[in-house]
Amino acid sequence: MLFIFVAGFTQCGANPIDRQNEDRIVFEKENDNIENEFEEFADEFESEEKTSDPFASYNRVMTRFNDGMYECVLKPVGKRYDEAVSLQVKESIRNFFNNIYFPVRFVNNLLQGKFSHTVQETQRFVINSTLGILGFFDPAKSYFKIEAHEEDFGQTLGFYGIKGGPHIVLPLLGPSNLRDTISLYPDALLSPLDYTEQSYPTLTDTWAEFIAAKSLEEINRISLDMDNYEKMKNDAVDLYPYLRDAYEQYRKKQIEE
Amino acid sequence: MRGLYKKILLSFLVAFMAQNAAANEQVQLQNRFLKKIDEVVLIVEDKKLSKDARNRKIVKALTPMFDFELMAKLSLDGAWRGLSAENAKKFIDLYVERMKNSYSAKIDAYEGEKVKIKKIQQPKSDRIAFVTDLTGKENKLEIVYKFYKPKTKIPNKDEWLIYDVEILGVSILKTDRAQFREFLQTKSIYELMDALSKQL
């Protein structure tokens with residue numbers, strides 16, 4: 001396009017028809033260059049897999065529903081919550097929930113043979129549950145410099161080569177795919193938040209307790225991450241494919257790690 | 001036999017020199033990149049500037065390092081070929097403006113994070129990627145800056161230019177390609193340009 005600008009400046013006094021022809025010639029030349037550029041960068045997009053999307057119509061509707069829920073319910077509630085609760089308290093609540101999901105991370109790190117991460121996750125849980133006062137603080141990271149290693153069952157299946165399958169947008173939970181949706185079940189079995197009586201101790205035993213705990217976790221997370229979703233939305237020309245592609249790329253990266 | 005030795009020695013020498021030249025280019029680019037980051041941080045921390053003036057100054061400082069025009073073309077992929085000269089120029093202008101706005105919005109969230117290059121990749125002689133960590137008080141964000149070296153230097157631009165940025169594995173270019181491709185399956189390029197202009 002630079003050629004067009006240069007041509008525009010240097011041909012100021014030329015006949016308009018000639019100038020138009022020159023513009024066309026310059027653009028055609030430019031188009032030849034872009035063919036070369038496309039070829040040069042083709043390798044960048046070789047791995048660009050087209051996401052399997054047989055449920056596209058449903059997914060679009062569910063994305064609109066989720067976005068509506070976010071705009072009309074979650075965002076206003078999140079804002080009120082944000083005004084009422086200090087940042088330190090919000091971070092402590094996030095730390096608490098992160099800490100209780102230790103069994104999910106422990107088992108999935110182990111299943112992927114990431115033994116040093118499994119050990120570090122155990123160290124984090126012990127330190128944060130004791131020195132970190134039931135996990136409300138994260139001295140494992142701030143003092144002992146032990147990083148968290150997020151792993152879930154979807155990543156474990158991905159690690160063993162299982163593809164994501166069709167993209168599915170879940171109500172309220174947002175973008176997912178068949179592999180990650182199925183994986184919610186084994187991860188839920190490892191979660192201490194549950195809605196029925198189990199033979200092992202859990203933090204919640206009824207639907208009411210479960211929904212209350214999950215709502216607190218979500219509203220707290222939203223109030224901390226509100227800006228990120230807004231910024232993503234601003235970059236989207238069409239929200240559904242934008243979120244779908246961002247999700248699939250993000251999961252691919254998590255699995256590769 | 002002596003000829004064979006000479007050939008082997010020469011190929012070793014060429015390989016060594018090429019490797020050395022690549023390493024030098026990486027170091028030079030790394031220095032320029034970190035210097036640019038320092039320059040941007042200084043502008044961000046200049047409390048005398050208004051938000052708009054600050055963002056304009058940052059975008060001006062960064063523009064020579066980015067090939068927004070190439071990003072615009074690659075984002076449209078095959079659809080680019082069907083554009084008239086006038087629409088092509090209009091699309092590039094809109095895309096570039098949108099990128100600058102998006103970048104400015106992200107600068108507003110800056111809270112003293114530090115940038116550290118943790119890995120340098122050079123998949124080809126004319127491609128370099130800096131894998132960086134943006135470390136804040138709480139979180140660490142992996143950002144990959146992908147550079148290429150145009151065959152002929154573009155006026156007013158650096159020698160090496162950024163053509164894509166990946167944030168936590170999500171590529172700006174790939175995401176745009178996907179959403180534009182899908183948009184253009186049911187709508188026209190004019191509608192896409194309308195949608196882009198609404199984002200400004």
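Q: What share of the 257 residues of chain A counts as buried?
A: The model is a predicted one. A residue is taken as buried if 20 or more other C-beta atoms lie within 10 Å of its own. Of the 257 residues of chain A, the share that passes this test is 25%.

Q: Which pattern does chain A follow along the sequence?
A: Chain A has 11 helices and 2 strands. Read in sequence order, the pattern of chain A is α-α-α-α-α-α-α-α-β-β-α-α-α.

Q: Among contacts in chain A between residues at least 6 apart in sequence, what percentage joins residues at least 24 apart?
A: Two residues are in contact here if their C-beta atoms lie within 7 Å. Taking the contacts in chain A between residues at least 6 apart, those that join residues at least 24 apart make up 57%.

Q: Over which residues of chain A does pLDDT stay under 50?
A: Chain A has a mean pLDDT of 83, and 85% of its residues reach 70 or more. The stretch with pLDDT under 50 has 17 contacts beyond four places in sequence in the model, and this stretch of chain A is residues 1-20.

Q: Which element of chain B has the highest confidence?
A: The mean pLDDT of chain B is 84, with 91% of its residues at 70 or more. Confidence in chain B is lowest in helix H1 (residues 2-44), where the mean is 76. The highest value in chain B, 92, belongs to strand E4 (residues 161-167).

Q: Which helix gives the most to the side of chain A that touches chain B?
A: Contact between the chains involves 25 residues of chain A and 29 residues of chain B. On the chain A side, helix H2 (16-40), helix H10 (207-235) and helix H11 (239-256) each supply at least two residues. By class, that side has 11 nonpolar, 3 polar and 11 charged residues. With 8 residues, the helix that gives the most is H11(A).

Q: Are H2(B) and H4(B) parallel or oblique to each other?
A: The axes of helix H2 (residues 51-62) and helix H4 (residues 85-107) of chain B come within 10 Å and cross at roughly 120 degrees. The crossing of H2(B) and H4(B) is right-handed. Given that angle, H2(B) and H4(B) are therefore oblique.

Q: Which residues of H4(B) do Asn55(B), Ile58(B) and Val59(B) meet?
A: Asn55(B), Ile58(B) and Val59(B) lie in H2(B). By class, the contact of H2(B) with H4(B) has 4 nonpolar, 2 polar and 1 charged residues.

Note on methods:
Residues are numbered from 1 along each chain as its sequence is written. Chains are lettered from A and ligands numbered from 1 in the order in which they are written. This is a predicted model: local features need pLDDT of at least 70, side-chain atom pairs count only at pLDDT 80 or more; totals for chains, interfaces and linings use all residues. Helices (H or I, at least four residues) and strands (E, at least two) are DSSP runs, numbered from the N terminus. Ala, Val, Leu, Ile, Met, Phe, Trp, Tyr, Cys and Pro count as nonpolar, Asp, Glu, Lys and Arg as charged, and the others, Gly among them, as polar. pLDDT is the predictor's confidence in each residue, from 0 to 100. Axes are lines fitted to C-alpha atoms, for helices over the stretch in contact, and angles run from 0 to 180 degrees between N-to-C directions. Angles under 35 degrees count as roughly parallel, over 145 as roughly antiparallel, 65 to 115 as roughly perpendicular and the rest as oblique. A crossing is left-handed if the near helix is turned anticlockwise from the far one by less than a right angle, and right-handed if clockwise. A residue is buried if 20 or more other C-beta atoms lie within 10 Å of its own, exposed if 12 or fewer, and partly exposed in between; C-beta atoms are placed from the backbone.
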